[in-house]
Amino acid sequence: MDALMSAHDWDERYRTSELIWKAGPNQWVRQYTQDLSPGTALDLASGEGRNAVWLADRGWQVTAVDFSAVAIEKAKKLASQHGRRTAERIHWAIEDVLSYAPTAEYNLVLVIYLHIHAEQRKAVLQRAAGAVSPGGQLLVVGHHTDNLTHGVGGPPNPEILYTEEDVLADLAEFPNLLSRTAQRVERVIDGQPRPALDVVVEAQRSAATQR
Ligand SMILES: C[S@@+](CC[C@H](N)C(=O)[O-])C[C@H]1O[C@@H](n2cnc3c(N)ncnc32)[C@H](O)[C@@H]1O
């Protein structure tokens, strides 16, 4: 994976195997959302749809955005395998998150393993934060900067990795978004000699309507 991967590059990557990221949800998405009441969710850089489908299975109405048409096609197929009700709960959008402007507020906004340059990440995370409804949640998960030296997997380019402090700094202009979790966590991968190191930042917008 490279910082400069275009939609075309991602399309080519997604063409190579049936599912790259598995069918089930990311473990942090599962952990941090499983106790939430279903509402509306926005999944930015949704890939093959594993997280969007899992949420839709649980009753969420999901808008899932990714610039890879191949990924979205695979995601639609995954959703349809989960039945008509799940598939109907997801709106898929082939869009670049660098220009995508959410037109609504959502009870849950996900940005999961989106690795782009720092300034771009800040812009996307700020747009994501701006799309969280009062009382709603933002969940950001990524490969931690330390993953290169102490973890496994993820992009090899240090410029597109980040830390929990980076995410908090990106979100500093949103004082009504209170961080409840901001940490480096270990994710055990079967067959790997050491765990992957992830950033997990979970924040909640205060219930008051002002930002
Ligand atoms: C590592 S995958 C993660 C997919 C998904 N969030 C998951 O956890 O399974 C990163 C995704 O980001 C998407 N992506 C990267 N840059 C993007 C951009 N500028 N706009 C939209 N999607 C983008 C890629 O197409 C890819 O699907």
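How many of the twelve residues of strand β5 are buried? Nine of them are, so to speak, under cover, and the strand, spanning residues 132-143, is mostly covered. Here a residue counts as buried if 20 or more other C-beta atoms lie within 10 Å of its own, as exposed if 12 or fewer do, and as partly exposed in between, with C-beta atoms placed from the backbone. Strands (E, at least two residues) and helices (H or I, at least four) are DSSP runs numbered from the N terminus.

A word on the model itself. It is a predicted one, in which local features need pLDDT of at least 70 and side-chain atom pairs count only at pLDDT 80 or more, while totals for chains, interfaces and linings use all residues. Residue numbers start from 1 along each chain as its sequence is written.

Strand β5 has partners on record in the pairing pattern, where two strands pair if DSSP finds at least two bridges between them. With β4 it pairs in the parallel sense over six bridges, and L108 has Q137 in β5 as its bridge partner. With strand β7 (residues 196-205), β5 pairs in the antiparallel sense, this time over seven bridges; there V140 stands opposite V201. The β4 and β5 strands also belong, together with α6, to a right-handed β-α-β unit. Right-handed means that, with the strands pointing away from the viewer, the path from the first strand over the helix to the second runs clockwise.

Turning to β1 and β2, these pair in the parallel sense over five bridges, with A41 opposite V62 in β2. Together with α3 they make another β-α-β unit, and it is right-handed. Strand β2 (residues 61-66) has five of its six residues buried, so it is largely enclosed by the rest of the structure. Five bridges also join β2 to strand β3 (residues 90-94), and the two run parallel; A64 has W92 in β3 as its bridge partner. The buried ones are R50, N51, A52, V53, W54, L55 and A56. After α3 comes G59, with a positive phi near 105 degrees.

What about the nonpolar interior? In soluble globular proteins, nonpolar side chains tend to be buried together. A nonpolar core is taken as a set of buried Ala, Val, Leu, Ile, Met, Phe, Trp, Tyr and Cys residues joined through C-beta atoms within 7 Å. The largest such core holds 53 residues, and L44, V109, L110, V111, A128 and L138 touch the most other members. Strand β4 (residues 106-112) gives the most to this core, with six residues. Leaving out residues up to four places away in sequence, L44 touches V65, V97, L110, V111, L114, V124 and A128, a contact being a pair of C-beta atoms, placed from the backbone, within 7 Å.

Most residues other than glycine have a negative phi. A45, not a glycine, has a positive phi of about 65 degrees; it sits in the loop between β1 (40-44) and α3 (50-57) and is buried, with 22 other C-beta atoms within 10 Å. Y113, also not a glycine, has a positive phi near 55 degrees. Its place is the loop between β4 and α6 (118-130), where Y113 is partly exposed, with 18 other C-beta atoms within 10 Å.

Y32, in helix α2 (residues 27-33), counts as buried because 20 other C-beta atoms lie within 10 Å. Its C-alpha atom is separated by 9.7 Å from that of V200, 168 residues away along the chain, and, beyond residues up to four places away, Y32 touches L139 and E202. R127, in helix α6, is partly exposed, with 19 other C-beta atoms within 10 Å.

Finally, the ligand. A residue is near it if its C-beta atom, placed from the backbone, lies within 6 Å. Of the 19 residues around the ligand, W10, A45, G47, F67 and V97 come nearest.

Technical notes: Contact = placed C-beta atoms within 7 Å.
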